[in-house]
Amino acid sequence: MTTNGWLQIALFFACVLALTKPMGAYLTQVFERRRTWLDPVFGPVERMLYRATGIHADEEMRWTEYLVCMLVFSAATLMLTYIVERMQGHLPWNPQHFGGVAPDLAWNTAVSFTTNTNWQSYTPEATMSYFTQMFGLATHNFWSAAVGLALAIAFIRGIARKEMRTLGNFWVDLTRGTLWVLLPISTVFAIALVAQGVPQNLRAYDTAKLMEAQTITGTDGKPTTVTTQTIAQGPVASQEAIKMLGTNGGGFFNANSAHPFENPTPLSNFLQMLSIFLIPAGLTYTLGQMVGSRKHGWAVFAAMSVLWFAGVATCYWAESRPSPALANVSQQASDLQAGGNMEGKEVRFGIANSALFATVTTDASCGAVNAMHDSFTPLGGMVPMVNILLGEIVFGGVGAGMYGMLIFVILSVFIAGLMVGRTPEYLGKKIEAYDIQMAMLYLLIFPLVILGFSAVTVLLPNMGLSSLANHGPHGLSEILYAYTSATGNNGSAFAGLNANTHWFNSTLGIAMFIGRFLMLIPMLAIAGNLALKKSIPATAGTFPVTTPLFTTLLTSLIVIVGALTFFPVLALGPVLEHLLMRAGQSF
Amino acid sequence: MLDLVFTVSTIVCFAVALLYVTACNRLKGRPSVD
């Protein structure tokens, strides 16, 4: 670990902290339909959209109506993407003449982008046309993020409202989130990325003649001499911007943000990390503003920050340590080498920025990568996995992180109430049996899907284990990470697992679907129930949700629930691999 | 053929989600305004 590395990590956090209040205040303005400086631009567009689609913007919805609209919208856009992928051979902007995507892969990808996961079982630059990338996938980057944002705002309204049956209008929240928040920020961000050297064009791929012929071994084991290189390009910047801002993570290229055309400079890398946390961090301030307790928003922000720091410190420490497999080689950081584990990392980013990126992308449900998580040390690689297993509530995905964290907040208040023998209250609302039933449903679905699918897969030698490149505990980590990433709607991968098979495409698709839709249903049920309740004035016995004690309880609860649920499987995967690595065995 | 399988699968998945919404709503019973 170096001082320079720590300073960069500190600078990143300082920027997140500085942007939280302005971003959060802006989100409140947008979703409370107050006047903003972008109204002259987007106001007429919004009114035109409502007129064209017959939406009555002032009609509010109950939680069930809100959910049904969201499900119908998601189903329709999922099928649209599936059709676009299957038909891309007949559609425009396909200079490489790619044929239609195979049915199981097209379905997996459609589910993946609809659910904000952006798991990619394919090589984008060799599979998807520009039309599919832009119309089929980048649009979902906007929509899925806007849906997450809308749901988080609906949940916050549920807490803030008193004796009301409604949570807002889904179509209005979706439209305003897209037009006022995602579109303008991603446009500015895309221009900044172009300035850093990210391509933005619709040209066919270039072919470059190599200075020196290369001999490579093909999949059939035969050597081939290569004299040219195909250089993939396309409308990268526009997709890259919303990929990060919307915590989507689906790369234009297979190497994702490790590719020099997606993420060419340390500055573009810094901006990409910042954009992942921008909206999720802002939402903590929005929470505080909308519920009338800014201190509560900052208390939630503090809990997220503690967990973020624990993750990045562990990952940076693990990746900076010398590998026991290279005991006779100097691995000290110096002017000539980064030190520690540089396998699978870009030299231009180094260890600190790779560890920070891996932590940030899995704290949020982004899933973009600038280094290969599979090449991390066992404990370093465990950090991204644990971040997802905790529920991606450390700032989290756009909207999804906030409502996930609020479930833990409700549980914290409930447990605090049990400790002192009082009916638990959260910001003046009594937390009752139904709220806890729904919260537990939310929390139990997640491990059930991850551990269930992982267990079945390791029992299937021909469909599950045959896809592994590594065996032993690392192989278990690869399978576990795949289902964790899918169910958590993260989308990053431990490479080394060939997931483009019927089994993985289908089961990961189901995991993504359940991880998104079946988890947010109980979440919104809680919001609907909270909105109905009366507000009770706080008394001396009310557990305050604005203090360091609350932040400590919340942080501890998240860690304890995560540890109790997932420690056994982590012990068989990364922990065992670490111990075996210390004994000189690698996988 | 596979197109049909995945289309039907999608419809089934969303139908299950809608049933789930209904089940969560039913579980609540009467609104707890007290």
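Mentor: Let us begin with a definition: a salt bridge is a side-chain nitrogen of Lys or Arg within 4 Å of a carboxyl oxygen of Asp or Glu. Please bear in mind throughout that this is a predicted model.

Trainee: Which residues form the salt bridge in which the closest N and O atoms are 2.6 Å apart and one partner is B:Asp3?

Mentor: The general idea is that side chains of opposite charge can pair when their charged atoms come close. Here A:Arg86 and B:Asp3 form the salt bridge, with 2.6 Å between their closest N and O atoms. The rule finds one salt bridge across the interface of chain B and chain A.

Trainee: How many residues of each chain are in contact at that interface?

Mentor: On the chain B side there are 19 residues, in contact with 33 residues of chain A. The two chains bury about 2,400 Å² between them, and carbon and sulfur atoms give 73% of this area. On the chain B side, B:Phe6, B:Phe14 and B:Tyr20 lose the most area to chain A, together 27% of what that side buries. As for polar contacts, the rule finds five residue pairs across the interface, both residues being at pLDDT 80 or more.

Trainee: How many salt bridges does a search of the whole structure find over all chains?

Mentor: The search finds 15 salt bridges. One of them joins A:Lys243 to A:Glu262, whose closest N and O atoms are 2.6 Å apart. A:Lys243 lies in helix H8 (residues 236-245) of chain A, while A:Glu262 lies in the loop between H8 and helix H9 (266-290), so the pair ties together parts that are 19 residues apart in sequence. A:Glu240, A:Lys243 and A:Glu262 are linked in a network of salt bridges.

Trainee: Are A:Lys243 and A:Glu262 buried or exposed?

Mentor: The reading rests on a cut-off: buried means under 20% relative accessible area. A:Lys243 counts as buried because its relative accessibility is 0%. A:Glu262 is also at 0% relative accessibility and therefore counts as buried.

Trainee: Which residue forms a salt bridge with A:Glu432?

Mentor: That residue is A:Lys533, with the closest N and O atoms 3.1 Å apart. A:Lys533 is buried, with a relative accessible area of 3%, whereas A:Glu432, at 22% relative accessibility, counts as partly exposed. A:Lys533 also meets A:Asp435 in a salt bridge of 2.4 Å, N to O. Because A:Asp435 lies in helix H14 of chain A and A:Lys533 in the loop between H16 and H17, that pair ties together parts 98 residues apart in sequence. A:Asp435 is buried, at a relative accessible area of 0%.

Trainee: How many aromatic pairs does a search of the whole structure find over all chains?

Mentor: The search finds 33 aromatic pairs. One example is A:Phe12 with A:Trp308, a tilted pair with 6.1 Å centre to centre and 40° between the planes. A:Phe12 is in helix H1 (residues 3-31) of chain A and A:Trp308 in helix H10 (residues 294-320) of chain A, so the pair ties together parts that are 296 residues apart in sequence. Both A:Phe12 and A:Trp308 are buried. Another pair is A:Phe513 with B:Phe14, which is edge-to-face, with 5.0 Å centre to centre and 85° between the planes. This pair crosses between chains, from helix H16 (residues 502-532) of chain A to helix H1 (residues 2-28) of chain B.

Trainee: Where is A:Thr115 found in chain A?

Mentor: A:Thr115 is found in the loop between helix H4 (103-114) and helix H5 (124-127). At 0% relative accessibility, A:Thr115 counts as buried. A polar atom of its side chain lies 3.2 Å from the backbone oxygen of A:Ser112, and a polar contact of 2.7 Å joins the side chains of A:Thr115 and A:Thr117. Not counting residues up to four places away in sequence, A:Thr115 touches A:Asn489, A:Met512, A:Phe513, A:Arg516 and A:Phe517.

Notes:
Residues numbered from 1 in each chain as written. Chains lettered and ligands numbered in written order. Predicted model: local features only at pLDDT ≥ 70, side-chain atom pairs only at ≥ 80, totals over all residues. Heavy atoms only, no water. Phe/Tyr/Trp six-rings, centres within 6.5 Å; stacked < 30°, edge-to-face > 60°. Helix = DSSP H or I, 4+ residues; strand = E, 2+ residues; numbered from the N terminus. Buried < 20%, exposed > 50% of the residue type's maximum accessible area, 1.4 Å probe, protein only. Polar contact = N/O pair within 3.5 Å; in protein donor to acceptor, adjacent residues only side chain to side chain. Contact = heavy atoms within 4.5 Å. Buried area = accessible area lost by both parts, 1.4 Å probe.
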